[in-house]
Structures are given as structure tokens and as C-alpha cells.
Number of protein chains: 2
Amino acid sequence: MTEQHTVIFQPSGRRGQVPHGIGLRAAARSLGVDIESICAENSTCGKCKVLIQEGTFERYGITSSQEHLSPPNVEETAYLADHKQALTTRGWQPSQVRLACQAKVWGDLLVEVPEESRRDKQIVRKAATERQIEIKPSIRKYLVELNPPTIANPKADWERLASGIATSIQLVRYGEPNLPRPGDLTIDYACLRTLSQTLRDSNWRVTVSVWQDKEVVRIEPGLMDTLYGAAVDIGTTTIALYLCNLENGAILAAESEMNPQIVYGEDVMSRIQYSIVHKEGLRTLHKAIIRALNQLLMRAARQAGISARDVQELVVAGNTTMHHLFLNLPPQHLGHAPFTSTVYRSLDVKARELGLAINESANVHVLPTIGAFIGADTTGVLLAEEPHTQDENWLIMDVGTNAEIVLGNRRRLICASTPTGPALEGAHIEHGMRAAPGAIERVVIGEKTLEPAYRVIGEEQWNAGQPKGICGSAILDAVAEMYRVGILDARGKFRSDLLENPRIRRRSNAMEYVIAFAAETSIGADIVVTQKDVRQIQLAKGALYVAARTLLKQFGLESPDKILLAGAFGMYIDKYNALSIGMIPACPPENIFAVGNSAGDGARIALLNVDKRREAQEVAARVTRYELPNDPDFQAQFIESMNFPERTKVRRHSNE
Amino acid sequence: MTEQHTVIFQPSGRRGQVPHGIGLRAAARSLGVDIESICAENSTCGKCKVLIQEGTFERYGITSSQEHLSPPNVEETAYLADHKQALTTRGWQPSQVRLACQAKVWGDLLVEVPEESRRDKQIVRKAATERQIEIKPSIRKYLVELNPPTIANPKADWERLASGIATSIQLVRYGEPNLPRPGDLTIDYACLRTLSQTLRDSNWRVTVSVWQDKEVVRIEPGLMDTLYGAAVDIGTTTIALYLCNLENGAILAAESEMNPQIVYGEDVMSRIQYSIVHKEGLRTLHKAIIRALNQLLMRAARQAGISARDVQELVVAGNTTMHHLFLNLPPQHLGHAPFTSTVYRSLDVKARELGLAINESANVHVLPTIGAFIGADTTGVLLAEEPHTQDENWLIMDVGTNAEIVLGNRRRLICASTPTGPALEGAHIEHGMRAAPGAIERVVIGEKTLEPAYRVIGEEQWNAGQPKGICGSAILDAVAEMYRVGILDARGKFRSDLLENPRIRRRSNAMEYVIAFAAETSIGADIVVTQKDVRQIQLAKGALYVAARTLLKQFGLESPDKILLAGAFGMYIDKYNALSIGMIPACPPENIFAVGNSAGDGARIALLNVDKRREAQEVAARVTRYELPNDPDFQAQFIESMNFPERTKVRRHSNE
């Protein structure tokens with residue numbers, strides 16, 4: 001029997017006996033440690049670098065030494081000499097470093113496998129919202145080196161490539177290796193058209209992208225181990241796009257843009273209407289969104305220093321109307337009872353069918369929808385927040401022009417949607433404006449003086465800057481503060497006995513409160529909150545509240561264990577004020593969280609991890625839609641919900 | 001226990017015991033007899049008509065009577081009254097007829113199930129070339145009746161349809177019923193775009209076409225049990241298209257047209273060259289073929305009284321260059337060593353990707369190719385002739401501008417290709433012309449007098465009509481006869497000692513033979529066969545002969561058991577003359593068959609029977625390509641093959 005040596009790999013701690021003379025990489029593999037190599041063990045890629053620990057390690061009972069490996073051969077010596085500087089920079093002793101593909105085991109060894117050399121590395125990135133996403137893209141890339149055809153073997157290009165892939169080097173991988181069998185592979189038609197030329201231009205050495213282990217969607221000349229994808233959330237008002245490195249999850253560019261469809265209608269209903277009354281309405285809306293996406297893709301690609309054609313997959317979230325318009329599906333039946341969508345399930349559509357400027361053979365994955373008003377954006381939120389993995393009852397409110405609300409836990413999920421109107425975004429408010437420089441974003445009112453303090457976007461100090469208007473978060477603040485200090489009563493009416501205060505006045509038969517006098521502003525007019533503005537906020541908050549309450553009632557709950565506020569709006573509103581005017585159900589403030597663009601995060605999660613798409617499909621199919629207008633108590637409860645709740649002291653954390 | 005009755009179904013002879021009161025259709029099913037019904041047993045479709053035999057049948061030991069069935073209910077009575085005339089016309093006694101979906105078994109019965117009521121009917125058609133094709137199209141049609149969405153059940157259209165299909169009535173079926181599970185079904189994107197409108201326009205009653213039990217490719221309003229497809233053979237010179245009823249295999253229209261690419265080059269090499277030297281060459285050639293196919297499709301559809309959009313599948317055969325140009329794949333590497341094609345395997349490409357005017361969601365199935373010069377046309381020939389099922393050795397020669405030759409049996413198949421030049425089609429021949437009115441198509445020469453007799457296309461009598469030229473078959477005849485009567489020697493040279501005969505003369509230093517003097521012709525000039533014409537035929541026949549001989553040598557054979565001549569040319573040549581000049585290897589003439597457009601027939605077979613596509617794939621992959629130019633003896637053999645073989649008396653059947 002061959003002499004055996006003890007080899008231990010760090011940091012995994014795997015150890016075992018291996019026969020004398022075995023290659024170090026093979027030894028590692030036999031102990032379940034997979035070390036990188038993409039040069040077919042030719043000492044050219046250097047991906048299999050390991051560090052040899054020298055000394056006697058009593059804990060392990062071995063003595064490890066460079067002498068316990070075969071000396072470097074010519075190729076390895078050359079590689080290590082060429083890269084000495086880079087190794088030193090990394091803090092390694094060049095004398096410690098060996099290439100596992102060349103070194104042979106001649107004695108006991110303690111080997112450290114650096115992160116970058118580990119094939120089974122679990123690359124985890126923190127997303128913008130601190131999410132941990134396991135990387136498992138839908139595409140694996142293979143480096144394929146082929147023998148060119150000869151008279152004796154003129155095999156067709158596709159059959160040559162398909163056999164080549166089966167024995168090729170997998171560049172971007174995850175989970176178990178899964179080399180597709182040649183007969184099971186297909187190739188996208190547009191990709192097939194480029195095949196012959198690319199093979200010859202690249203001297204029969206190409207990088208092949210295989211989608212879902214079955215379809216070749218790209219063939220690039222030479223070695224090309226980068227892999228890019230994009231996730232997009234198409235909102236009624238805003239489109240947000242993330243360009244990601246699919247190998248490590250890094251966000252290379254985040255771009256957003258107004259939805260250009262806004263000129264055809266501010267909310268989903270008016271867009272649906274537009275598609276009905278105009279002959280080419282659907283086409284116009286569809287083209288507008290595609291054009292905007294292409295612009296975002298180009299911008300993001302430029303920022304990342306790549307071409308938009310390098311984007312190999314796009315994952316799309318969006319409300320059901322945006323989903324239909326993106327897919328060029330007629331949306332009209334979303335707009336009238338019984339509110340029916342064309343399709344729930346997720347779809348994969350070729351980029352070229354949609355006219356998207358990414359790789360024409362790429363698949364565009366559209367997340368599943370749940371109902372006519374609970375769209376693929378909510379599916380994205382579910383994927384990002386995972387209420388379906390919780391024992392607790394989570395209430396998730398995604399607030400935009402329309403609000404989608406989900407309540408549930410691992411056993412049961414229900415959802416409802418309600419229009420909230422544009423007031424929460426600053427529209428249809430006397431001095432409302434979008435959150436932009438010059439907008440008042442915070443308002444506090446003195447309890448005794450009824451004097452306001454405000455903060456303007458772009459200013460560090462309170463009451464500094466020349467405001468132009470008020471954005472959504474500040475309107476909410478103002479209303480909550482006006483109620484707290486007694487300017488408004490519980491039904492939202494101005495108290496008429498305060499007219500002696502210069503801030504409170506009657507104009508054209510309606511009351512209003514002055515936040516900033518003309519002299520302080522940049523518009524040369526007083527910035528006020530009117531009785532009508534207060535009513536707008538009451539309508540919006542009432543709709544949200546009754547929806548949340550109705551879902552809680554289904555669960556027999558008074559309040560949820562946790563409230564997650566999704567969407568940009570959730571990031572900016574003051575949760576204490578939201579509680580005090582009764583916009584969200586009672587819940588300890590420390591259990592209320594703003595989670596940002598969850599829908600976009602969900603799309604990004606599905607982009608980075610193909611398993612999550614199945615999860616999305618399953619969860620979306622499990623959610624029960626609760627149709628609010630069918631609830632017999634709805635109307636009465638809605639009217640009641642417009643009132644403000646009894647004033648309570650909500651404990652405000654000092655650091656907020 | 002319930003009382004049991006004996007029921008016997010004819011013509012299958014299935015018999016068994018069934019419980020009292022069971023429905024007759026259910027009884028049939030329990031005995032393995034499947035009776036039609038597409039109205040969900042509502043007595044409205046009448047597809048389940050059966051004839052009740054009355055009397056005592058000693059052979060079966062039963063007495064059968066109308067009394068042994070429950071009396072007709074209101075619906076059945078109404079149906080039978082409405083259709084009395086039609087039943088009588090069919091030669092049936094209206095009193096004998098019952099609807100199996102309504103009648104209940106009350107006693108012993110002898111039931112005749114007419115062909116049209118049998119669900120398991122094997123519809124077999126004789127094709128143009130007397131082929132029996134089992135019908136098994138790739139598409140099943142389902143009649144789906146859905147409940148419209150309601151507020152309580154607003155399920156999305158696709159999910160509603162997918163569940164509906166799983167419980168629907170299968171209109172066009174074959175083999176085992178195979179209702180796809182909703183989750184396994186997909187829908188073509190273009191088809192999805194029409195879904196919502198079609199469902200509503202048709203009042204939620206639609207006919208759905210499902211391709212390969214997995215993909216919805218069409219949704220038609222109401223009941224639509226017709227199913228059409230087309231098969232096409234794209235030849236270098238001619239395109240032939242067959243429009244078929246996929247339910248019974250009937251050819252509804254057969255159209256053919258010159259390949260419009262001919263203006264860009266007469267043979268495949270010049271087309272390849274055109275695609276290389278012209279910037280938009282490939283695009284031009286591709287567009288030309290698609291435009292021609294669309295014209296053929298329109299013409300065929302008009303003839304069949306349908307729309308081209310009703311064509312639900314297209315199956316394509318053609319030589320490898322035509323295959324590449326049809327698919328818009330660059331053909332240049334087909335044209336130089338090592339002669340490599342882009343893809344062998346069969347492909348399914350969406351009609352809209354190719355710009356074809358059929359159902360835009362339809363799949364276009366392109367038969368597999370075998371090599372750069374052995375194309376999908378040869379695969380079609382293999383499918384039609386099935387040498388791979390034979391114990392005998394069959395030699396199949398598909399002769400056109402290029403000839404593909406296959407030799408083999410169930411164990412082994414080899415093939416080769418050889419250019420034959422255009423001489424066999426009448427081109428590059430002094431007075432050559434295509435087979436068209438005015439062309440001499442047959443020539444016989446008197447052994448003593450050396451006087452010719454000829455027959456002109458469109459004339460019943462010999463030596464009648466005013467010829468304009470000679471077509472391929474007559475040139476072959478003329479050369480064979482000139483050799484037989486001694487005008488030519490075995491090397492194809494004119495005998496100079498015959499110059500006293502007025503038919504034989506020297507002009508511009510070369511010999512020629514006059515078939516028709518100017519006075520007889522419509523061109524005002526003598527129609528002659530020149531020494532150069534003879535050389536052209538020698539080159540063509542030599543190429544064919546050496547190719548066939550080389551393949552036979554691989555099998556160690558002197559001659560095949562059977563020769564099949566495929567292609568239009570094979571239909572017109574005189575096989576005795578082909579044998580006597582050594583164009584085909586020695587073989588008893590009774591074992592030589594002209595099989596017509598086998599390639600087109602193969603495409604039609606694959607269109608009508610989806611299983612044959614797998615067979616095509618398997619057979620194509622099994623064929624070994626024999627590269628003639630690699631054979632060391634090729635050149636010497638080719639030169640030798642140009643000579644005529646020793647004169648032998650070939651027995652000519654009296655009726656030929």
C-alpha cells in the first residue's frame with residue numbers, strides 16, 4: 001500500500017489521509033474541499049493558490065512544511081515569480097504560496113485555502129437594505145475550448161459546442177456542478193445565428209452562458225467570467241433599476257427615473273383608461289416604458305463600464321397594471337369589476353420580443369402577480385421580507401399612490417389593496433410638492449405658541465432655507481402636529497376659536513394654518529395647510545387604516561407583532577405621527593420598521609438567486625386576496641377611520 | 001348485487017358484463033371501447049351515435065333489443081328527430097340509432113359503433129406516393145368552456161384557462177389521452193397577448209391548441225375542430241409545399257414555385273458565394289425564401305378555403321444550404337473545407353421570428369441535417385423510404401443539381417453527396433431546356449437507320465408537335481440511344497465513320513447528331529446533341545456512378561437489392577437507359593423505383609406524426625457521412641466512370 005500522509009485544510013478544518021504523490025488539489029477534493037481552477041491545471045490562471053503553514057502543530061499532531069510538497073515545476077515557478085508583487089500586496093509570504101494544481105503531497109501538511117481560491121465560496125452581499133442574499137444566478141458560464149473542425153471531423157458547430165460544454169470549465173457556478181448533457185441543451189435562435197462566426201472569430205475558445213442549465217443564451221469570444229443582470233421595479237410614478245454583478249451580488253449601478261407614462265395619466269386607473277380610449281393606447285404606454293427602461297439600462301451600463309448588451313437577465317417587479325403594460329398585455333379588465341388580470345404566474349419572455357436593449361437572447365423574468373391590484377411588486381415585497389417564514393404576525397404596508405397591505409405568518413397570508421390617492425406624495429395639496437430641494441420635509445408645532453418649526457430638504461438647520469412647498473412627509477407631520485396641539489379636533493376640523501393666532505386664519509370661507517410666511521419662502525406667498533389638505537390626508541390615512549384593520553380582523557388580532565413600511569414613502573414618514581393620526585394600526589413604535597424599496601429588493605433577490613423564483617411563485621399562489629369593497633362593514637369603517645384616534649403620548653426615542 | 005347485463009360492441013367484438021342502469025357510453029368505456037362526445041354528454045353534438053342490433057344472436061348467446069335500453073329522453077328524442085334525414089341518407093334505420101351518452105343499459109345488447117363515433121379511430125391516408133402515414137399531429141385541440149370571472153372568483157385568465165384545459169374536451173387527439181396539468185402548461189407570449197380579448201369575445205368558450213402537450217399556441221373563439229399544417233421542401237431550384245388537414249392527413253393543396261434565390265446563383269455554391277461577397281447577401285437570400293414561402297402559403301390557403309394564419313405548424317426539409325438560408329444562418333462555412341454546418345439537430349423556431357405568415361405563435365419544425373451536403377432533404381427521404389427498417393440493402397439516389405446518395409439497411413447507413421451539375425436538368429446543353437411544353441422528353445434511335453423518333457411534352461403521338469428543345473430525360477435517352485446504336489463509342493466519342501448519315505455531322509470542328517431538322521421545330525433551327533452535350537452527361541452520370549459504387553464498396557457489395565430514385569428527375573428518366581449508360585449501378589430493373597419527392601413526403605410525414613420527428617433525429621444522427629474526395633481512388637474511378645459500360649441487352653418490360 002502507498003504511504004499515507006495527513007493533510008488538513010483551513011479554514012474548513014477538513015482533514016484526512018491521502019496517498020503519497022497525490023496532487024494537492026485532488027487531495028483537497030477527496031476531503032470535500034473544492035479548490036478553484038479555470039485553466040485546466042496548466043498553472044496559468046493562479047486561481048488555486050494556497051498557503052502552506054510551516055511548523056509543528058501539536059493541536060493537530062502534525063508537522064507541516066514546504067518540504068512536504070514536490071518542489072515547484074517550471075510553470076509554477078514562472079507563475080509565482082510573475083505575481084510576487086501581487087502576493088506580497090495581499091500580505092502573503094510569497095514563499096508560503098503554492099498552486100494546488102501543481103504541488104504533489106510528499107508529507108503531512110496544514111494548508112490554508114484563501115477565500116478567493118475556494119470554489120464553494122458562499123458569496124454573500126449586504127444589499128442596500130442590509131439584506132443577506134445567497135448568490136445563485138440562473139446562468140452558469142462555461143469556458144469551452146474546442147478542436148476546430150477538420151475534413152476527418154467536420155461535425156457541425158452546435159453539436160461540437162454542446163459536446164464541448166459537457167466537458168468544459170464552469171466559470172460561474174453555484175451548488176452542485178451540473179454540466180448539462182449535450183442532448184438536453186438547447187440554444188436560443190438568435191444566439192444560434194451568431195454561433196458560427198463567434199467560434200471562428202475566437203479561435204474556437206469561447207465562454208458560453210447557459211440559462212437554467214438548459215438553454216445557451218450567449219457565446220462570447222475567449223474567457224469572459226463576468227456576469228451581469230438587472231432588477232427593475234416599475235412603479236406607477238417611478239422606475240428603479242439595479243444593475244448587478246451576478247457573481248457576487250454587487251450593485252454596480254442604481255438608477256431611477258420618472259415613469260414616462262405619467263403624461264398619459266397619474267394613476268393606474270387613468271392609464272388603463274388611456275389604453276381603452278386611444279386606438280394605439282396600449283402600444284403607446286408599452287413603448288414608453290420600454291424606452292424608459294432602455295435609457296435606464298444604458299445609463300446604468302455606462303456607469304458600470306459595460307455595455308447594456310452585457311446584461312444577461314432582467315427581473316421585473318411592478319404593480320399589476322405596470323406588469324401588463326410592460327408585457328404589452330391589454331390592461332382594461334384590471335379596471336372594472338370583477339377586476340381580472342391576464343396572468344398570475346411568473347413568465348420568462350425573450351428580451352428581443354419586448355424590444356429591450358439587453359442581450360437579445362436573454363430571458364426577462366417577470367415576477368408573479370397576486371391579483372388585479374396586488375401585483376408583482378407585492379410578490380417582490382414578500383420575497384424580500386419573508387413574512388411566510390415567520391411565526392409572528394407581520395403587517396406589511398407598501399404605500400404609494402396605491403397601497404398594498406399583506407398580513408400573515410408562515411401558516412397564512414392575506415392581502416388587500418386600497419387606493420390612497422396622491423396626497424401622501426404631496427399632490428392635490430395646496431402647497432404640496434414632491435420631495436425635492438426646497439421642499440419642507442419636517443414640521444413640528446409648539447404646543448403653547450402654535451408656532452411651527454420646519455426643516456427644508458438640503459438644509460442642516462431647522463427654519464433655514466427658503467421653502468417652495470411641502471412634501472408628503474411634512475404634510476403628515478403638519479396634520480399630526482396640528483391635531484396634537486389642538487388646532488384640529490378629532491374629526492379633523494380647524495378649531496375656530498384660535499383665529500386670534502396669526503398662523504390660523506380663514507380664507508375664502510375655509511380655515512388654514514400658515515407654516516411659512518411669504519417673506520421666508522422662495523415663492524413670495526405664504527405656505528399653508530388648508531382644511532382641504534387635512535381632508536385629503538384623512539382620506540388617505542383612513543383608507544390605509546381601514547384596510548389594515550380589516551385584515552387584522554380576519555386574524556382576530558387587535559395589532560400585529562411587527563409593521564413593515566415598504567416603499568419610499570415609508571422611509572420618510574415619521575412613524576410616531578403616523579401612529580398618532582391613526583394611519584397605521586396601534587403597534588409599539590420599536591416594532592415599526594421602514595424597509596425601503598422592498599419590491600425592488602425582491603426583484604434583485606430573484607435576480608441573484610434562481611431558487612427564490614420558485615419561492616416567489618409558491619408564496620404568490622398562497623396569498624389570499626381579501627376584497628375590501630365586499631366587506632359589509634367597509635363603508636362605515638372607512639368613514640370612522642378618517643377620524644383621528646384619542647390623543648396618547650407616544651414615547652419618542654431620544655435619538656429619533 | 002346489481003343485476004348485470006351482457007353488452008357486446010362491434011366491430012371490435014369487445015364484450016362484458018355491466019351493471020343495470022349504467023350509461024351506454026360508460027359501459028363501452030369500461031370494456032375498452034371509447035365513444036366520441038364533445039358536448040359533455042348534453043345530447044347536442046351527436047358524435048356518440050350507435051346502432052342497436054335487434055334479434056337473438058345465437059353466436060353470442062344473447063337477445064338484443066331497443067327495449068333493453070332506457071327510452072330516449074327529451075333531448076335525445078329532439079336530436080334524433082332533427083337529424084332523421086341525415087341518418088337515413090347514411091343508410092341507417094333511424095329507429096336503430098341511439099346516443100350512447102343518454103341511453104342506459106337495461107338488458108343485453110349488441111351495439112354497433114360506427115367508424116365516425118369511435119374515439120380511437122386510426123385515420124390513415126394514402127399519400128400522393130401511396131404512403132401510409134399514421135396520424136399523430138404535434139397539436140391537440142381542446143374545447144374549453146369556462147365560468148366567467150366574478151367578484152368572488154376573479155382568477156386570472158391564464159390560470160382559469162389552464163385549469164379549464166385539464167378538464168376539457170379533447171377535439172383532436174391521438175394515442176393515450178394526455179391532458180396536461182395546469183402547472184405544466186405554458187403559453188406562447190404572442191398567444192398570451194390575445195388571451196383576454198379572445199376569452200371575452202367568445203363568451204368564455206374557446207378552442208385551445210396545445211403543442212406537444214405543453215405549450216398553448218392558439219386560442220380560437222368557440223368550437224373549432226379543424227387543424228391545419230404545412231410541409232415544405234426547399235430545393236435549390238424548386239420549392240414544394242403541401243397544405244394538410246392534420247386530423248386526417250388529407251393534402252388540401254400542393255403548390256410549388258421556382259426558388260426565387262435562383263437570380264442570386266443557380267447552385268448552392270453560387271448562393272453561398274453571394275452571401276459572402278454581398279454585405280446584405282444573407283439577408284437578401286433569407287428574405288427571398290421567406291417571401292416565396294409566404295406566397296405559397298397564401299395560395300395554398302386560398303385553395304383550401306382557409307387563412308394562412310390557420311396553419312398551425314410548418315415542417316421544413318431542404319438541402320443544408322437552403323436550410324441555413326431559410327433559418328438566416330450564415331452558410332459560408334458550408335462552402336469550403338472542412339465543409340461545416342452550423343447545426344445538425346432539428347429545431348423548433350417561432351413562425352414570427354422567421355416572418356412567416358402562418359399563426360405567429362406556431363412552431364416551425366426544421367428537420368435535422370446530416371452534413372454540409374447531406375441536408376434535411378435527405379433526412380426527409382430517410383423518413384419517407386425507411387431504409388433503416390430494412391434487412392435488404394437499399395440504395396437511394398436523390399438527384400437534383402446536387403445528388404445525395406444513401407446506402408444501407410437496419411444495421412448501417414452511409415451517405416455521400418456529389419455535384420451532378422445542371423446537365424440532367426437540361427441546362428448547359430446546346431438545346432437543353434426545362435421540362436415544359438415544347439420540350440422533347442423521349443428519344444429513340446433506329447438501330448439500322450440511325451433515324452430518331454421523339455415525343456414532345458404535351459403531345460400524344462411520337463414525332464408530333466414542333467419541339468423547342470430537349471429536356472433532361474430526353475438528353476439522357478439520346479445519349480443512351482446514340483451509344484446503343486453505335487453513334488458513340490464506349491468513351492462517348494462520336495464515330496467519325498458515320499458522317500455519310502445526314503443526321504451525323506461535323507460543325508465548328510465538333511461532331512453532333514440532329515434530332516430534329518429546322519423545318520420540324522418551332523425555333524427555325526436544327527435541334528442537335530453535340531459532343532459537348534455528351535460530355536456533360538458523362539460528367540454527371542460519372543459523378544453519380546462513382547458515388548454509388550464507392551458506397552457499395554464500403555458494404556462490400558457489387559449491387560444493391562433495390563435502387564430508389566428520389567426527386568422529380570427520377571420520375572422522368574428511363575431507368576433502362578440510366579442503366580445502359582452506367583449512371584446507376586447494375587441492378588435488376590424491376591428493383592429500381594422512382595419514388596418522387598421523397599424529401600417533401602418526409603417533411604409531410606413529420607408534420608402528420610410527431611413521433612416521426614424523434615425517428616428523424618435518431619436516424620439522421622446514425623448516418624455515417626462518407627467523404628468522397630477523401631477516397632484515394634476517387635479521381636481515377638471518376639474518370640473511369642465517365643465511360644459507358646459494355647453494351648448488354650437490358651430486358652425492357654413490354655408495358656414500359
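This is a predicted model: local features need pLDDT of at least 70, side-chain atom pairs count only at pLDDT 80 or more; totals for chains, interfaces and linings use all residues.

Colleague: Which residues of helix α2 in chain B are buried, then?

Modeller: Look at residues 74-82 of chain B: within that helix, Glu76(B), Tyr79(B) and Leu80(B) are buried. They span an arc of only 95 degrees around the axis, so they sit on the same side of α2(B).

Colleague: What do the buried residues of α2(B) pack against?

Modeller: Their partners are β3 (49-53), α3 (84-89) and β6 (97-99), again in chain B.

Colleague: I've got strands on screen too. How should I read a sheet?

Modeller: The general idea is that strands of a sheet pair through backbone hydrogen bonds, either parallel or antiparallel. In chain B, take the open sheet of 5 strands, which has the order β2-β1-β7-β3-β6 and mixed pairing. Its edge strands are β2 (14-19) and β6 of chain B, each pairing on one side only. From one strand to the next, the twist averages 35 degrees.

Colleague: How many bridges join β1 and β2 of chain B, and in which sense do they pair?

Modeller: Strand β1 (residues 4-10) pairs with β2(B) in the antiparallel sense, over 6 bridges. For a pair you can find by eye, go to Phe9(B): its bridge partner in β2(B) is Arg14(B).

Colleague: What is the strand order in the open sheet of chain A?

Modeller: There, 5 strands run in the order β11-β10-β13-β14-β12, and the pairing is mixed. The edges belong to β11 (169-172) and β12 (186-187) of chain A; each has a single partner strand, so one side of each has no neighbour in the sheet. Strand β10 (residues 139-145) and β11(A) pair in the antiparallel sense over 3 bridges, and Lys141(A) has Val172(A) as its bridge partner in β11(A).

Colleague: Which strands does helix α4 of chain A touch?

Modeller: Helix α4 (residues 157-166) packs on that sheet and touches β10, β12, β13 (205-211) and β14 (215-221) of chain A. Its direction makes about 110 degrees with that of β10(A). Helix α5 (residues 189-201) of chain A lies across β12, β13 and β14, running at about 30 degrees to β14(A).

Colleague: At what angle do α4(A) and α5(A) pack?

Modeller: The angle is about 75 degrees, with the axes 10 Å apart. That makes α4(A) roughly perpendicular to α5(A). On the α4(A) side the contact uses Asp157(A), Trp158(A) and Leu161(A), while α5(A) brings Leu192(A), Leu195(A), Ser196(A), Leu199(A) and Arg200(A). By class, that contact has 5 nonpolar, 1 polar and 2 charged residues.

Colleague: And what about α6 and α7 of chain B: what is their packing angle?

Modeller: Helix α6 (residues 268-277) and helix α7 (residues 281-304) of chain B pack at about 130 degrees, with their axes 6 Å apart. The two helices are therefore oblique to each other. Arg271(B), Tyr274(B) and Ser275(B) of α6(B) meet Gly281(B), Leu282(B), Thr284(B) and Leu285(B) of α7(B).

Colleague: To zoom out, how many helices and strands does chain A have?

Modeller: Chain A has 17 helices and 32 strands. Of its 656 residues, 58% are buried.

How values were computed
Residues are numbered from 1 along each chain as its sequence is written. Chains are lettered from A and ligands numbered from 1 in the order in which they are written. Side-chain values use heavy atoms; hydrogens and water are left out. Two strands pair if DSSP finds at least two bridges between them. Helices (H or I, at least four residues) and strands (E, at least two) are DSSP runs, numbered from the N terminus. Contact means heavy atoms within 4.5 Å. Axes are lines fitted to C-alpha atoms, for helices over the stretch in contact, and angles run from 0 to 180 degrees between N-to-C directions. Buried means under 20% relative accessible area, exposed over 50%, partly exposed in between (1.4 Å probe, protein chains only). The arc is that of the directions from the helix axis to the C-beta atoms. Angles under 35 degrees count as roughly parallel, over 145 as roughly antiparallel, 65 to 115 as roughly perpendicular and the rest as oblique. Ala, Val, Leu, Ile, Met, Phe, Trp, Tyr, Cys and Pro count as nonpolar, Asp, Glu, Lys and Arg as charged, and the others, Gly among them, as polar.
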